[in-house]
Amino acid sequence: MANEAVETAVETAVETVGLAGSVAHDLTVWGLFLQADIVVKIVMVLLLVASVWSWAIIFEKILKIRRLRSLAEQFEEAFWSGGSLDDLYDRIDKRPPDPMSSLFVSAMREWRRSSSKGLGGVSDQNRISLQQRIDRVMDISLGREMERLERHMIFLASVGASAPFIGLFGTVWGIMNAFTSIAASKNTSLAVVAPGIAEALFATALGLVAAIPAVIAYNKISTDLGRYGGRLEAFAGEFGAILSRQLEEKP
């Protein structure tokens with residue numbers, strides 16, 4: 001009976017120590033980060049930085065697209081109001097506020113350079129050449145403006161594509177450490193396994209947190225930029241047609 005009592009006391013003490021060790025593990029988000037392996041910590045930090053930067057790009061792009069749409073509507077209202085294009089050019093020549101204004105200014109600048117040399121009496125070949133120069137200038141301006149608008153979009157695409165795999169790397173590394181701990185302690189109880197598994201899965205969660213908004217935002221912003229680019233192309237075609245008619249009307 002005495003031996004059985006001693007064995008029971010020892011087992012109770014061991015269980016108490018095990019429970020105390022399990023309580024020592026902080027399973028909060030901050031605790032999981034602090035207890036994680038250095039490699040897993042680096043993965044978590046990279047994913048957090050990528051997520052914050054992605055959200056900064058998302059908000060900047062959304063606000064910028066809204067502002068450009070408003071400015072485009074204002075410019076189109078002034079352009080199609082029937083007023084003098086020369087007066088409109090003089091007002092916005094120095095600082096075009098939006099890409100559509102930049103297209104207009106670049107085309108008008110080329111038009112004025114040729115007008116200052118005199119268009120009367122020029123050959124049809126020269127008029128065709130002028131029209132081609134104006135179209136080329138607007139194409140170059142359009143490409144330059146769209147390149148500026150699409151800046152940092154590749155980062156969103158990269159985060160959306162790579163963040164889950166980076167998180168998965170942290171997960172694999174964390175699980176390896178968890179199994180190493182199991183082998184070292186020779187104990188497969190949940191109290192031993194749970195902290196390492198939780199740290200590993202936390203890395204996966206961070207990867208998804210970074211990737212999902214980046215993918216959704218990239219698709220949405222790319223669609224909006226494509227529509228805005230189409231709007232610029234339509235304006236460039238209409239304005240080019242107006243200048244072409246004016247060239248044909250010249251004696």
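View 1. The protein chain holds eight helices and zero strands, where helices (H or I, at least four residues) and strands (E, at least two) are DSSP runs numbered from the N terminus. This is a predicted model, in which local features need pLDDT of at least 70 and side-chain atom pairs count only at pLDDT 80 or more, while totals for chains, interfaces and linings use all residues. Residues are numbered from 1 along each chain as its sequence is written, and side-chain values use heavy atoms, with hydrogens and water left out. Of the 251 residues in the protein chain, 35% are buried, a word that stands for under 20% relative accessible area, with exposed meaning over 50% and partly exposed in between (1.4 Å probe, protein chains only).

**View 2. Confidence along the chain.** The average pLDDT, which is the predictor's confidence in each residue from 0 to 100, is 79 for the protein chain, and 75% of the residues score at least 70. Confidence is highest in H3, at 91, and lowest in helix H1 (residues 2-24), at a mean of 43. Over residues 5-24 pLDDT stays under 50, and the model has two contacts beyond four places in sequence for this stretch, a contact being heavy atoms within 4.5 Å. Where pLDDT is low, the predicted coordinates should not be read in detail.

**View 3. The largest nonpolar core.** A nonpolar core is a set of buried Ala, Val, Leu, Ile, Met, Phe, Trp, Tyr and Cys residues joined through side-chain atoms within 4.5 Å, and the largest one here has 50 residues, with Phe 75, Phe 79, Phe 104, Phe 235 and Phe 239 making the most contacts inside it. At least two residues of this core come from each of helices H3 (38-79), H4 (85-92), H5 (99-116), H6 (124-149), H7 (153-185) and H8 (190-249), and H8 gives the most, with 17 residues. Not counting residues up to four places away in sequence, Phe 239 touches Phe 79, Leu 85, Phe 104, Ala 107, Met 108 and Met 138.

**View 4. Aromatic rings in pairs.** Rings of Phe, Tyr and Trp (its six-membered ring) pair if their centres lie within 6.5 Å, and planes under 30 degrees apart count as stacked, over 60 as edge-to-face and the rest as tilted; by this rule the count comes to 12 aromatic pairs. One of them is the tilted pair of Trp 53 and Phe 155, at 4.2 Å centre to centre with 40° between the planes. Because Trp 53 lies in helix H3 and Phe 155 in helix H7, this pair ties together parts that are 102 residues apart in sequence. The rings of Phe 235 and Phe 239 are stacked, because their centres are 5.8 Å apart and their planes are at 15°.

**View 5. Helix H4 and its buried side.** Leu 85, Leu 88, Tyr 89 and Ile 92 are buried in H4. They cover an arc of only 100° around the axis, and therefore lie on the same side of H4; the arc is that of the directions from the helix axis to the C-beta atoms.

**View 6. Ser 101 and its surroundings.** Ser 101 has its place in helix H5 and is buried, with a relative accessible area of 1%. Its side chain is joined to that of Asp 98 by a polar contact of 2.5 Å, a term for a pair of N or O atoms within 3.5 Å, where within protein one must be able to donate a hydrogen and the other to accept it, and residues adjacent in sequence count only if both atoms are side-chain atoms. Leaving aside neighbours within four places in sequence, Ser 101 is in contact with Phe 75, Ile 92 and Pro 96.
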